[in-house]
Structure formats: structure tokens, C-alpha cells
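Please read them next to the model.

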Amino acid sequence: MKTRFCFLLLAGIWFSPFQKLQAQPDLVTPALPSIPNKTFSITAYGAVGDNATDNTAAIQNAINAAKNAGGGKVIVPAGVFMCGPLQFTSNFNLQIDEGAILKFLPIDKYPGGTTTGTDFISGIKLHDVAITGKGTIDGQGSPWWPFAKDKTAKRPRMIALKECDKILIENVTLMNSPKFHIAISGKSSNVTVSGIIVRAPASDDPVNPSHNTDACDVAGKDILIKDCDISTGDDDFTCGGGTTNVHITNCKYGYGHGLSIGSYTKGGVSNFLIENCTFTNTECGIRIKSDRDRGGVVQNLTYRNLKMTNVGIPILIYAAYMAPEREFRNLPKITPEIANTYSSAPVTDLTPMYSNIKFQDITATTQNGKRAGLIWGLPEAAVSNILLQNVNITAENPFGIFFAQNVRLENCKIITQSGQNKLSTTNAQVFIDGKEMK
């Protein structure tokens, strides 16, 4: 193992290999929306729940009536209501009652089709917005998913809110979106996603694979994701740059790419607490990814009390997400020798920089042929200050640590064919129970 003892100057920030891991700051509890106590049933505006009628105009008229009244709750009662794109308003709650299904119009009747891919529910610069109830939104995404391979085609997202404040999505079931299920972007804030179920087939489903059906893409600040049950064909959660103060707790994850950060992290990602979650058959448990043309500072993250069963890679941190060379993309097979051939580049404001990340009280078993984990920094920007504490992983291939400083394993049992805590390393400073690997 080659070890470098140096200070790294990254974008004007000094990181010492002996710097103590920072404590996590208190995470802010998001403010909830305040909705006026006025109700508007979509059936009063002509909506028919017969699984045939196009109810787009009727439902939008109900939303507009709530807007004109200063806000309120629009109720979708039991029934199957076909619908096209809807524009939300502020001070507004769409309540989808138990037994109600709000269903996308079929692809051949959806306004704009694959030419525009108009989002189903959308809003920009709104405040006090909610989607609640025990009903379902069904995206009828199956005919749309093959268009993922067509770069000229566009697909609608199910819920797309941009630069909004005080958002609540609670208890609903979201299924089979043509693209992302939830996309909250821009400088959004005070976002709560609670008790939802998200379902779409895995991206490698042998019968009907879904593509880019991310469950929850959220960027902004003061974000709480709790008590959710998610299984999709892409990221189960992801965020980009400009995201801070995120708490994910008590969630159940099935198929999908896991809990992701990136790949675009310009503007920084910081102050995460992810705890008390389970992962079963998930491609990755924890996934932090970026590349030199889209990076930023990702720091102060805590992952704790997680249980992973039959996952692909339990812990994955890397900065070569877009590497075109096949040898750098086969992550289960990356060796120190291969990693050492990855060329250096000048540090810029788009260089991925990962630091101050804790993994505590995690147990994991992996799929056949997979590895226990991978932490892979850049030659010019090593990953720094990583703590694995009470981490127990059983896998076929070893945990790789490449281009990293101050990685500490405390009371860990990483068991692979190579033995216990037999790591695969290069250009890495690693301590196991206080003793530095040589």
C-alpha cells in the first residue's frame, strides 16, 4: 500500500489527514404547510371516476377555485380518475382519499406525449403545498420506459416542484411514473416526505424493466424523509448540489440504486443524517457519485443503524462516475492496480471533494460476486476523514480504499474471501482499531 502524508489544499479548504471528524450539527425540523380550511371536491367540477373520462379540465378547475378562494383542499374521492398535466398553486392541498386512483392519461392521449414530456403535477415558486391521503397516483409508465433509450424523446415526471417552500407529501402511494416520481429542485426548502409508498419495476426486471423511475429526488434545505416504503428502477433517493440539512429515517428500501448523492454536486452537499433504514436487494445501499466536470464539496454526513440484505455494494463513494473506460466502470472488479492508472487532473471548482463521513452500526450482506464496499477518491483530491464504526459486512470481494486519507475502522468485521478486515488499498491512509495499515 502506498501512503501519502500530506495536506491537501482543495478549493481553499485545508484538510489534514489527522483532522478529527466533525460532529454533526442539529438538523432542522422542516416547517409544515399551512392550508386554509376550505374544501373543493373534484366531482363538484365535473370529474368522473370511471377509469375512462378525461378529467384534466375538471380537476384543474377545482384547483383554480381553491386558488381564487385564497387556498384550500381539493379532494379526490374514491374512484379511478384519468387525468393529464395539472398546475398547482400556493396554500393548497391535493387530498387523494383511500380508494381513489389518480391515473395518467395513456401515452397516446397524454398532452404533448414524448415531444414535450409535460410533468403531471408541477409548480414553481410556490409555498404551502401538500399532497396527502391514502390514495394512489398511477403514472401508467410502462409504455414510456422504452423511450429512455431515445435521446430525442421526453417523459413526464409525476411530481415536479421547483423553488418551493413548505412542501408535504404524506401517506400516498406513487406507482409506475414514466420518469421520476418526486422531483423537488431549485432552492426549495422545508420539505417533508412521510409515510409514502413508491413502486416501479427494477431496471433489470426480466419482464418489464422501468428506467429513471427515481423515487425521491430532492434538492434544497431542511428536508425530512421518514417512514417510507420504496422500490423502484433507479435512485431510491438522490440529491444534487445546494442541498443541506437532510434527515432520512425509518425507511424501507427494495429495488433501486440506493440512497444517492450526485452526480451533480456543484454548490455543495452537507449535513445529512440517515438512520434506522433497511435495504433488501438494493443495487447499492449508500452511493455517493460525481465526476470532475460536475463536482463540489460533499461533507458532514452520518449514516447509522442500517441493515442491508443481498445488496450490490453496501458503501460506494467514487469520483469517476462518467469514466468512459470499461475498466474504471466495473466497480466490483476495480483493483489497486487499475485505480493507480487513473490519471490526475488539475483541481477546479468542479472537482469532487468528499470529507467528514461517518458509517456507524451497519450490517450488510452482498449479492454473489459483489464487493464489500468502495471508497475511491481522485489522485488530485483524496477522500478524507472517513469513520467506519461497528460496521459488519459479509461479501465475496474485498472493500477497496483508493486515494483516501484518514480512513478509520473501529470495531468492524468486514469478512470476504480474503479474510476479516483484509482491505484492498492504494494511496490510502487507513487505521484499523487505531493501528495504521502498512
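1. Over the ring of which tyrosine does the charged end of arginine 294 sit? The ring is that of tyrosine 264, with the charged end 4.2 Å from its centre. Likewise, the charged end of lysine 289 sits over the ring of tyrosine 321, 5.4 Å from its centre. A charge sits over a ring if NZ of Lys or CZ of Arg is within 6 Å of the ring centre and within 35 degrees of the ring normal.

2. The model is predicted: local features need pLDDT of at least 70, side-chain atom pairs count only at pLDDT 80 or more, and totals for chains, interfaces and linings use all residues. Residues are numbered from 1 along each chain as its sequence is written, and side-chain values use heavy atoms, with hydrogens and water left out.

3. There are 11 aromatic pairs in the structure (rings of Phe, Tyr and Trp, the last by its six-membered ring, with centres within 6.5 Å; planes under 30 degrees apart are stacked, over 60 edge-to-face, the rest tilted). Phenylalanine 104 and tyrosine 110 are stacked, because their ring centres lie 5.8 Å apart and their planes at 25°.

4. Tyrosine 110 also pairs edge-to-face with tryptophan 144, at 5.6 Å centre to centre and 90° between the planes. Both residues are buried (under 20% relative accessible area, 1.4 Å probe, protein chains only). Phe104, Tyr110, Phe120 and Trp144 make up one aromatic cluster.

5. Strand 10 (residues 121–124) runs parallel to strand 7 (residues 86–87), joined by 2 bridges; pairing requires at least two DSSP bridges. Strands are DSSP runs (E, at least two residues), numbered from the N terminus. Glutamine 87 stands opposite serine 122.

Key:
Buried means under 20% relative accessible area, exposed over 50%, partly exposed in between (1.4 Å probe, protein chains only). Helices (H or I, at least four residues) and strands (E, at least two) are DSSP runs, numbered from the N terminus.
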